[in-house]
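Thanks for coming. Please look at the structure first.

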Amino acid sequence: MWLRNAISRLMHKQLTRAAILIAVALVAQGLRFLLPLPGLVTMFLIGSLVNMCLVLMARLSSLRYAVPGSVILPCVAYLQGQLPFIPMIPVAFAGNLVLVLVAHKEQGWHLLLLGPLLKTLALWAGTGLVLSMLQLHGVAVMMLQTMMSWPQLVTAFSGIILAGIVLKRVNNS
């Protein structure tokens with residue numbers, strides 16, 4: 001009986017943490033409507049905050065809750081007009097999922113290197129696949145492919161650094 005109660009409390013704690021972090025990430029995604037900053041600045045700011053939340057979900061919650069969080073965020077990004085078409089939702093989910101899985105498994109320099117690199121590769125390759133399947137070309141397509149390359153490396157790296165700072169504070173309190 002006590003074991004079942006302990007497991008139930010742990011699951012509620014993990015669910016609560018994941019829900020709070022999803023809410024923070026959704027608020028971060030909404031910042032682009034509140035802050036009159038240039039697109040590139042908002043992309044790096046919001047991307048870093050969202051990646052921080054994904055890493056924190058993986059570390060402070062469980063995969064049971066972090067994986068659904070990884071798919072909710074691209075769906076909302078699409079609804080906000082940040083993803084140009086529906087087939088990009090699974091691509092963004094794959095990038096988020098890769099980061100969550102690496103953050104759940106790795107720490108230290110492994111996480112700092114593998115997380116951003118694998119997320120960027122997933123996004124870049126997935127975007128290229130979707131664009132070629134839809135036979136899209138032109139300047140807008142090049143911009144989308146570029147947005148899903150090196151900026152993702154920067155925002156994932158920044159998000160991991162921010163998550164590390166938050167984790168230190170959480171662990172010290």
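Helix 7 is the main contributor to the lining of the second largest pocket, giving 7 residues. Helices here are DSSP runs (H or I, at least four residues), numbered from the N terminus. A pocket is found on a 1 Å grid over the protein atoms alone: an open set of points where a 1.4 Å probe fits, with protein on both sides within 12 Å along at least five of seven lines, and lining residues have an atom within 4 Å of a point.

This is a predicted model, in which local features need pLDDT of at least 70 and side-chain atom pairs count only at pLDDT 80 or more, while totals for chains, interfaces and linings use all residues. Residues are numbered from 1 along each chain as its sequence is written, and side-chain values use heavy atoms, with hydrogens and water left out.

Back to the second largest pocket: its space is about 230 Å³. A volume is the space filled by probe spheres set on the points, which are joined across faces, edges and corners. Of its 13 lining residues, Gly-108, Leu-111, Ile-160, Ala-163 and Gly-164 are the closest to the centre. Helix 2, helix 5 and helix 7 each give two or more residues to this lining.

Now the largest pocket, at about 850 Å³. It is lined by 36 residues, and Arg-32, Met-43, Gln-82, Met-147 and Gln-152 are the closest to its centre. Which helix gives the most to this lining? Helix 2 does, with 8 residues.

Next, the helix contact. Helix 5 and helix 6 pack at an angle of about 155°, and their axes are 8 Å apart. Therefore helix 5 is roughly antiparallel to helix 6, a label for angles over 145 degrees. Axes are lines fitted to C-alpha atoms over the stretch in contact, with angles from 0 to 180 degrees between N-to-C directions. Trp-124, Thr-127, Gly-128 and Leu-131 of helix 5 meet Val-141, Leu-144 and Gln-145 of helix 6, where contact means heavy atoms within 4.5 Å.

Last, confidence. The mean pLDDT (the predictor's confidence in each residue, from 0 to 100) is 90 for the protein, and 99% of its residues reach 70 or more. Helix 6 has the lowest confidence, with a mean of 81, and helix 4 the highest, at 96.

Technical notes: Parallel < 35°, antiparallel > 145°, perpendicular 65-115°, else oblique.
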